[in-house]
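Please examine the sequence and the three-dimensional model shown below.

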Amino acid sequence: MIAKQEHKNFFIFDYFLDGEFLKWEEVEVDCPACGEVCSIILDDGTEIHPKVVETEKISEDELRIYLSSKG
């Protein structure tokens, strides 16, 4: 029997917080929904919990995630 390879989809998320570019990361999760609070770890190790206000599809595997620091 041949082992079946697991197929994973990777995406690039470009995060913008309050209109300013925050960071990008390669992920293998679905896009967060508008209104959802997400957890993002910054390069310095700080964890923030902004709210998703909008998403924009740039290509098949790249999305812009617009976040707000105001709840």
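Is Thr 55 buried, partly exposed or exposed? With a relative accessible area of 30%, Thr 55 is partly exposed, where buried means under 20% relative accessible area, exposed means over 50%, and partly exposed lies in between (1.4 Å probe, protein chains only). The model is predicted, so local features need pLDDT of at least 70 and side-chain atom pairs count only at pLDDT 80 or more, while totals for chains, interfaces and linings use all residues. Residues are numbered from 1 along each chain as its sequence is written, and side-chain values use heavy atoms, with hydrogens and water left out.

**Thr 55 and its surroundings**

Thr 55 lies in strand β5, which covers residues 51-59. Strands (E, at least two residues) and helices (H or I, at least four) are DSSP runs, numbered from the N terminus. Apart from neighbours within four places in sequence, Thr 55 is in contact with Cys 31, Pro 32, Cys 34, Arg 64 and Ile 65; contact means heavy atoms within 4.5 Å. Leu 67 stands 12 residues from Thr 55 along the chain, and the C-alpha atoms of these two residues are separated by 8.9 Å.

**Cysteines and charged pairs**

A search of the whole structure finds 0 disulfides, a disulfide being a pair of cysteine sulfur atoms within 2.5 Å.

The structure holds 1 salt bridge, defined as a side-chain nitrogen of Lys or Arg within 4 Å of a carboxyl oxygen of Asp or Glu. The partners are Arg 64 and Glu 56, whose side chains meet at 3.8 Å, N to O. Side chains of opposite charge can pair when their charged atoms come close.

| Residue | Relative accessibility |
|---|---|
| Cys 31 | 32% |
| Glu 56 | 30% |
| Arg 64 | 30% |
| Asp 18 | 40% |

**Lys 23, a buried charged residue**

Lys 23 belongs to strand β2, residues 20-27. This residue is buried yet has no salt bridge, and the nearest side chain of opposite charge, Glu 25, is 4.0 Å away. For charge, Lys and Arg count as positive and Asp and Glu as negative, whereas His and the chain ends are not counted. The side chain of Lys 23 does reach the backbone oxygen of Ile 41, at 2.7 Å. Leaving aside neighbours within four places in sequence, Lys 23 is in contact with Phe 13, Asp 14, Tyr 15, Ile 40, Ile 41 and Asp 43.

**Asp 18 in a loop**

Asp 18 is found in the loop between β1 (11-17) and β2. Although Asp 18 is not a glycine, its phi is positive, at about 50°. Most residues other than glycine have a negative phi.

**The chain as a whole**

How many helices and strands does the chain have? The secondary structure comes to 0 helices and 6 strands, and from the N terminus on the elements run β-β-β-β-β-β. Of the 71 residues in the chain, 23% are buried. Among contacts between residues at least 6 apart in sequence, 30% join residues at least 24 apart. The accessible surface of the chain comes to about 5500 Å², of which 49% belongs to carbon and sulfur atoms; such areas come from the Shrake-Rupley method with a 1.4 Å probe, and for residues only the protein chains shown count as cover.

Conventions. A polar contact is a pair of N or O atoms within 3.5 Å; within protein, one must be able to donate a hydrogen and the other to accept it, and residues adjacent in sequence count only if both atoms are side-chain atoms.
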